[in-house]
Amino acid sequence: MSDTSTTTARATDHPVAIPADMDEVRVRFAPSPTGSLHIGGAKQMMYDVLFAHGEARRAGKQGTVILRIEDTDRKRLVEGAVENLMEGLRWLGLAWDEGPDVGGPYGPYVQSERQHHYREAAERLVVSGHAYRCFCTPERLQQVRENQQKRGLPPGYDRHCRNLSADEVQAKLDAGEPFVVRFKMPLDGETRFTDLLRGEIVYQNDKLEDLVILKSDGFPTYHLAVVVDDHEMKITHVMRGPEWIPTAPLHVQLYAALGWEMPIFAHMPLILAPTGGKLSKRHGAASIQDFRDAGYLPEALLNYLALLGWSLDGKTEIYTFADLLEHFTIERASASPSTFDRDKLDWLNQQWINHHITVDDLAARVLPFLIKAGTIEPGPADASHPRFADVREAAALLKDRIKLLTEAPDLMSYFLRDELEDYDAALLVPKKVEPAAALTLLEAVAKVLPELDLNDLEATEARLRALADELGVKAGQLFMPIRVAATGRTQSPGLFETLRAIGKERVIARVDDAIAKLREHSAR
RNA sequence: GGCGCAUUCGUCUAGCGGCCUAGGACACCGCCCUCUCAAGGCGGAGAUCAGGGGUUCGAAUCCCCUAUGCGCUACCA
């Protein structure tokens with residue numbers, strides 16, 4: 001009885017994600033075009049989409065996802081990065097409603113094209129006394145930091161220009177000295193804000209710095225740009241990485257100084273590398289393109305990402321994106337970071353290939369990999385490719401055995417190519433059988449082969465089992481050399497369907513080759 | 001160093017005061033199925049819930065401290 005009535009509300013109780021009086025939820029994914037789409041970025045975008053298009057819409061709200069390019073750091077721009085980013089998102093099936101390519105009511109959606117908004121805001125802040133011009137040179141800042149470090153003090157700007165008189169400022173301006181604009185952080189008191197996943201977070205103002213909001217090249221820093229744009233684009237929920245928590249107080253103060261309403265913050269957890277640090281190429285793959293090239297399905301990748309830091313019930317493992325849209329709630333997202341586990345991703349990928357896509361789909365997806373590897377001739381990467389029927393047949397047999405699409409060229413080669421890769425003749429000799437006896441087995445097979453109808457699986461099996469009896473060996477001892485002769489390897493799908501797919505003509509030729517190979521082998 | 005966030009099997013997680021002698025999944029091991037390899041089925045091992053203090057009749061669940069990990073500490077985002 002005492003449990004519910006006397007327990008005080010927990011300080012960490014999650015705030016409401018979508019206030020009842022809010023009728024539109026607007027979120028944004030705001031990458032910097034400094035490279036390819038990182039798996040962590042993809043996860044952030046996934047949360048945006050699941051929240052706006054899933055949770056918000058289920059609650060009867062309008063849910064809008066915005067793609068905004070944050071290219072205020074002119075030094076780190078990478079050519080083609082924006083297109084790259086969008087391509088990665090499209091491949092994953094993560095869609096946005098407003099963005100640089102599709103436009104929208106609050107464009108442009110590229111920060112470098114929104115300069116005047118930031119300058120205006122910075123100007124307003126300077127005029128209202130919330131920000132000031134700082135003429136300190138990079139050399140002086142460097143010097144200050146070094147001194148602080150030497151004396152064991154925390155490094156940071158010493159607010160040298162914070163109290164410059166109007167005359168002093170004017171003089172420097174007249175002299176043409178370059179300057180940045182810094183935000184005047186309150187010197188005492190505290191700044192608090194609510195994080196959707198963590199509850200209230202409090203910072204003591206005397207520990208915070210006067211950060212730069214407008215750089216000397218006239219471009220804003222992230223802090224100013226993000227606040228201005230989020231406000232002007234009417235963003236209701238700021239979902240981003242946890243690395244932004246320490247600067248969130250600045251953003252909170254910026255909103256207050258500008259007199260704008262704050263959005264709701266949700267700092268989504270990071271993906272860690274198995275070794276502890278950041279996930280990078282060193283761990284196999286880091287960008288979406290890497291995963292795509294490595295043969296992962298977008299469905300599996302999204303499924304995996306969803307399971308990292310979120311779960312519906314702790315039991316369900318397989319989710320289509322539609323499932324996620326139907327069930328995702330940010331309230332169930334964890335605040336703690338998670339470690340990337342390649343094994344689990346691989347398992348999910350195989351689950352998807354084995355059980356959740358059709359044979360036709362598999363064939364189509366495998367096609368580009370086969371073409372790239374030269375297993376089949378170049379052509380359209382869809383059902384109109386001349387070899388599609390063959391690929392489809394191989395795909396049907398290998399569906400339960402493919403973990404990554406990249407395995408297809410190797411696994412399918414004996415179906416799709418006339419020539420077998422060279423293999424060791426010793427493989428033709430089954431366990432507990434002498435090489436000479438193995439030769440007898442294959443010769444017997446070669447003799448019955450012409451009269452077999454390989455399309456009749458049961459009859460073929462019956463005949464070959466009978467043959468094993470006649471030869472006095474176990475079925476398996478006869479089947480293995482046939483498998484090796486037909487495929488060049490000891491592992492394959494079921495023998496009879498494999499023979500059927502390879503075709504009688506090629507099987508006969510390959511068995512003959514195997515016999516020759518074995519003769520040569522035992523002669524030595 | 002300062003500030004902040006996080007902390008349940010090796011990994012991803014369930015768990016919101018009694019149902020927990022802590023459940024599921026990956027990986028691992030064994031068995032079954034079987035012409036091989038997979039897939040599939042069954043089972044096993046694996047977490048004194050980071051440690052220590054409280055609160056409570058009762059704590060993985062609430063509070064405090066410590067430890068550890070990670071992040072930030074740029075005119076990068």
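Modeller: Gladly! Let us begin with a term: a pocket is an open set of grid points where a 1.4 Å probe fits, with protein on both sides within 12 Å along at least five of seven lines. Please keep in mind that this is a predicted model.

Biologist: What is the volume of the second largest pocket?

Modeller: Rolling a probe the size of a water molecule over the atoms shows where empty space is left. For the second largest pocket, the volume comes to about 320 Å³.

Biologist: Which residues that line the second largest pocket are the closest to its centre?

Modeller: The lining of this pocket has 15 residues. By class, 7 of them are nonpolar, 2 polar and 6 charged. The closest to the centre are Lys234, Ile235, Thr236, Glu261 and Met262.

Biologist: Which elements each supply at least two residues of that lining?

Modeller: One is a strand covering residues 24-29 and the other a helix covering residues 222-232. Their names are β1 and α7.

Biologist: Is Lys234 buried, exposed or partly exposed?

Modeller: Lys234 lies in the loop between α7 and β8 (237-240). Its phi is positive, about 55 degrees, although Lys234 is not a glycine. Buried means under 20% and exposed over 50%, so at 47% relative accessibility Lys234 counts as partly exposed.

Biologist: And Lys432, is that residue buried or exposed?

Modeller: Lys432 is found in the loop between α15 and α16 (435-448). Lys432 is not a glycine either, yet has a positive phi of about 60 degrees. Exposed means over 50%, and Lys432 has a relative accessible area of 82%, so this residue is exposed.

Biologist: How far apart in space are Asp230 and Leu270?

Modeller: In sequence, Asp230 and Leu270 are 40 residues apart. From C-alpha to C-alpha, the distance in space is 22 Å.

Biologist: Why is strand β2 said to be largely enclosed by the rest of the structure?

Modeller: Strand β2 covers residues 62-67, and a residue counts as buried under 20% relative accessible area. The strand is largely enclosed because the number of its 6 residues that are buried is 5.

Biologist: Do β1 and β2 run parallel or antiparallel?

Modeller: β1 is also largely enclosed, because 5 of its 6 residues are buried. Between the two strands, Arg26 has Thr64 as its bridge partner, and Phe29 has Leu67. In total 6 bridges join β1 to β2, and they run parallel.

Biologist: Which side chain makes a polar contact with the side chain of His53?

Modeller: His53 has its place in helix α2 (residues 39-58) and is buried, with a relative accessible area of 15%. Leaving aside neighbours within four places in sequence, its contacts are Asp48, Gly63, Val65, Ala95, Asp97 and Leu325. The polar contact, at 2.8 Å, is with the side chain of Asp97.

Biologist: Is Gln351 buried or exposed?

Modeller: Gln351 lies in helix α12 (residues 342-356). Beyond its neighbours within four places in sequence, Gln351 is in contact with Ile318 and His356. Its relative accessible area is 17%, and under 20% means that Gln351 is buried.

Biologist: What covers the buried residues of helix α14?

Modeller: Those buried residues are Phe388, Val391, Ala394, Ala395, Leu397 and Leu398. Their cover includes α13 (359-373), α15 (408-416) and α19 (495-502).

Biologist: One last thing: which residue does a cis peptide bond join to Gly107?

Modeller: At this bond, omega is about -5 degrees.

How values were computed
Residues numbered from 1 in each chain as written. Chains lettered and ligands numbered in written order. Predicted model: local features only at pLDDT ≥ 70, side-chain atom pairs only at ≥ 80, totals over all residues. Heavy atoms only, no water. Helix = DSSP H or I, 4+ residues; strand = E, 2+ residues; numbered from the N terminus. Buried < 20%, exposed > 50% of the residue type's maximum accessible area, 1.4 Å probe, protein only. Polar contact = N/O pair within 3.5 Å; in protein donor to acceptor, adjacent residues only side chain to side chain. Contact = heavy atoms within 4.5 Å. 1 Å grid on protein atoms, 1.4 Å probe; cavity = no way out; pocket = protein on both sides within 12 Å on 5 of 7 lines; lining within 4 Å. Points joined across faces, edges and corners; volume = space filled by probe spheres on them. Nonpolar A, V, L, I, M, F, W, Y, C, P; charged D, E, K, R; others polar. Pairing = 2+ DSSP bridges.
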